[in-house]
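Hello,

Here is the structure I said I would pass on. My notes on it follow below the entry.

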Amino acid sequence: MISGFRDVTPQAIAELYDRYSERTAALLGGSIHFGHWPDPAESAPAASVATASARMTRLMTDALGVGPGDRVLDAGCGTGRPALQLARTTGATVTGITLSGEQVRLASAAAAAEGLSDRVSFRLADVAEARFPADSFDGAWLFESLLHMPDPRHVLRRIHDALRPGARLAIANVVERAPLPAASRPALDTFCALNRIAAILPLADYPALLADAGLAVESVTDVSEHSVPQTLRALCAAIRADGTDVPPEEREERRTLLDAMDRLTVTPELGYAIVVASKPRRP
């Protein structure tokens, strides 16, 4: 069963990230994606989340295999931290796109602060509608952004067309490892609704989804036990410790989200994976 709400709109996603990106990034150490802990038994205090986030970004960077001078598309760039880390460690040039004007502001400021504005740029665009020249990127990633997209097949076809032959696409995403028990479904539905998630797909669906877009799967890596419970626990702890004064309606929404995440922390069927595919070379 696919979890999510397929009527999620670009406007709703933009409003969510315009409102919460800066605060969420502060709670998670700069980025707004799941982290990676090598030891599944390691506890995840809030102070370790930034390191874990950088570690997940490194896994994605290694998966792309790009180098100096290569052009990379970051579709759903968030606050820009992953793109900046990618550019620093590989020498690649990165184009980040997002639906959120606030994220463009935060990411552009971070690029300027790190002296990387010449190689890393961010702009407002919807990957489902953006027009890129054919064969114009040497790599692309969807770093926890595909889950917001009601028509992932269409997005993957767009990215396929923008990649040069032989280039890779790396996807990091929350997935369903197995069908969720009925008791866990309401918590996941709440999590999806509050985070404007269009769909959480079964991990088993990815090979066919990518093949339909003309992309060849190279690897599927389930990192759930190194990521999901630790990140959710750390985020819950950070939210509970956050002393920011929020309006009453937001406090209620926060309590609802915390309850859902607490339940999902002990739901092993909810997972996280890195999927790598490539555009076949021409004969």
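Please keep in mind that this is a predicted model.

I began with the chain as a whole. The protein chain has nine helices and seven strands. Its radius of gyration is 18 Å, close to the 19 Å that the globule rule gives for 283 residues, so the chain is as compact as a globular protein of that length. The C-alpha trace spans about 55 × 40 × 40 Å along its principal axes. Of the 283 residues, 54% count as buried. The accessible surface comes to about 12000 Å², and carbon and sulfur atoms account for 54% of that area. If you take the contacts between residues at least 6 apart in sequence, 80% of them join residues at least 24 apart.

Next I looked at strand β5, residues 163-176. How many of its 14 residues are buried? The count is eleven, so β5 is largely enclosed by the rest of the structure.

Strand β5 pairs with β4 and with β7. Strand β4, residues 137-143, runs parallel to β5 and is joined to it by six bridges. Within this pairing, Trp141 stands opposite Ala170 of β5. Between β4 and β5 the chain passes through helix α5, residues 152-162, and this β-α-β crossover is right-handed.

The pairing with β7, residues 270-278, is antiparallel and consists of nine bridges. Here Asn173 has Ala273 in β7 as its bridge partner.

Regards

Methods
Residues are numbered from 1 along each chain as its sequence is written. This is a predicted model: local features need pLDDT of at least 70, side-chain atom pairs count only at pLDDT 80 or more; totals for chains, interfaces and linings use all residues. Side-chain values use heavy atoms; hydrogens and water are left out. Buried means under 20% relative accessible area, exposed over 50%, partly exposed in between (1.4 Å probe, protein chains only). Helices (H or I, at least four residues) and strands (E, at least two) are DSSP runs, numbered from the N terminus. Two strands pair if DSSP finds at least two bridges between them. A crossover is right-handed if, with the strands pointing away from the viewer, the path from the first strand over the helix to the second runs clockwise. The radius of gyration is taken over C-alpha atoms; the globule rule is 2.2 Å times the number of residues to the power 0.38. Contact means heavy atoms within 4.5 Å. Accessible areas come from the Shrake-Rupley method with a 1.4 Å probe; for residues, only the protein chains shown count as cover.
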